[in-house]
Amino acid sequence: AGGRCSGSWRAMSPAYVPFLPQIRGSRARALPDRALVNCQYSSATFSTGERKRRPHGDRKSCEMGLQLRQTFEAAILTQLHPRSQIDIYVQVLQADGGTYAACVNAATLAVLDAGVPMRDFVCACSAGFVDSTALADLSHVEEAAGGPQLALALLPASGQIALLEMDARLHEDHLESVLEAAARAARDVHTLLDRVVRQHVREASVLLGD
Amino acid sequence: MAMEMRLPVARKPLSESVGRDTKKHLVVPGDTITTDTGFMRGHGTYMGEEKLIASVAGSVERVNKLICVKALKTRYNGEVGDIVVGRITEVQQKRWKVETNSRLDSVLLLSSMNLPGGELRRRSAEDELAMRGFLQEVDLISGVLVQVSPSLVKRQKTHFHDLPCGASVILGNNGFIWIYPTPEHKEEDAGGFTANLEPVSLADREVISRLRNCIVLLVTQRVMLYDTSILYCYEASLPHQIKDLLKPEIMEEVVMETRQRLLEQEG
């Protein structure tokens, strides 16, 4: 039971929500009024240019897991499932920059497929600033160049931001344009995801008949 | 030894001629269902900024003033009178914890079990100690359990079916389906609980595995599961070998035939 999806984007990552809320051994951690969202990120050894073995639980995985958790806690209606746990596992198959964004998009589809209630789709995109131009959806090479990078996760219908993260320094005058570029790209992703989901729902409901 | 290998290929979009034309309102999370505040909100919706917004992907169902969105795939939500099939996961003081494909584990109390020897015995301390004798973790009774999505099990008057092909099927509302060989004689005593541990004959086993493959087939093509559909599918699958039933082309063929017979029967 649960959702499965493969995000076809820069970084491909299948995500699955193995079981909707369920109390597990971690009874002590169960929150009395909300569901606990648990995200785990892992990266395949063949995902980057050089084959690299990544141990589970290393710093980058933990940090990414935490970011994903913050993003989805904002989007999932956790009040509806008290004392339960929602697990989201994401694995990156091919990374060429923008791994956080791809993970978020893939996980959104998985959570949707599993039937977990959410406020809206969560669509994410990265953006940067190179040579006085705002760039959206940075590739690995562009990320490695060392310029400022912004990661934005958006709830498209309401325009609310689920997560906004940036490293390196950026002059505040440029912030507006970079944010705008990221938002526009995220909305494009939303159009794509929306179309795919609607098609899937339509097919499934046609098959089910009544 | 020759082996068969299959490679994944992009899925073909479904032909629109398969189903009847439905005028359902399909939504995805974030869609506004209505701006009319007169409606009560049901499952799958939430209120945001004066609008009723969907929170799952599915079809909108409206009953008078209640609007809810029925998601494609959900965990099982129990209702009174439902038949469920579960798997024992834990033995506790006066009850068993049962896994039923729902959001949280279900509980089966000792006092609600029919014990051997009749109905009206008071549950004593010995019964508690003997709990493990009845049902222990990982117990296996002859038969096969198939797990499917709860939304595919049709609600009917009875869920226990004896199929003429020689096996019996229990369609749990929670999506667990239990296939087992039809017991030789029906015992009409006080409905006690007995464990049947005889080995199953080869013919019976073949019937059961064919049935299981049929059910899996119907599930992948998203056909509702009830006794008639399973029976038709079984008959349509007889010309093929059991292990061939899970191949895509054969699956489509069998399901087409099943659908046709079901439509003929209805109209």
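A residue is called buried when its relative accessible area is under 20%, exposed when the value is over 50%, and partly exposed in between. In this predicted model, Leu66(B) has a relative accessibility of 31% and therefore counts as partly exposed. Leu66(B) sits in strand β7 of chain B, which spans residues 66-71.

According to an unreviewed UniProt entry, residues 26-63 of chain B are annotated as "domain: Exosome complex component N-terminal". In the model, this span is 55% strand and 0% helix, and its end C-alpha atoms are 16 Å apart.

Nine of its 11 residues are buried, so helix α4 of chain B is largely enclosed by the rest of the structure. Among these buried residues are Ile230(B), Leu231(B), Tyr232(B) and Tyr234(B), along with Cys233(B) and Ala236(B). The packing partners of the buried α4(B) residues are β13 (167-171), α3 (202-220) and α5 (248-266), which belong to chain B.

Turning to chain A, Thr71(A) lies in helix α1, which covers residues 59-75. Its relative accessibility is 0%, so Thr71(A) counts as buried. Beyond its neighbours within four places in sequence, Thr71(A) is in contact with Tyr100(A), Val104(A) and Val122(A), as well as with Ala153(A), Ala162(A) and Leu163(A).

Terms used. Residues are numbered from 1 along each chain as its sequence is written. Chains are lettered from A and ligands numbered from 1 in the order in which they are written. This is a predicted model: local features need pLDDT of at least 70, side-chain atom pairs count only at pLDDT 80 or more; totals for chains, interfaces and linings use all residues. Side-chain values use heavy atoms; hydrogens and water are left out. Helices (H or I, at least four residues) and strands (E, at least two) are DSSP runs, numbered from the N terminus. Buried means under 20% relative accessible area, exposed over 50%, partly exposed in between (1.4 Å probe, protein chains only). Contact means heavy atoms within 4.5 Å. UniProt positions are given in the numbering used here, feature names are shortened, and annotations may be inferred rather than shown by experiment.
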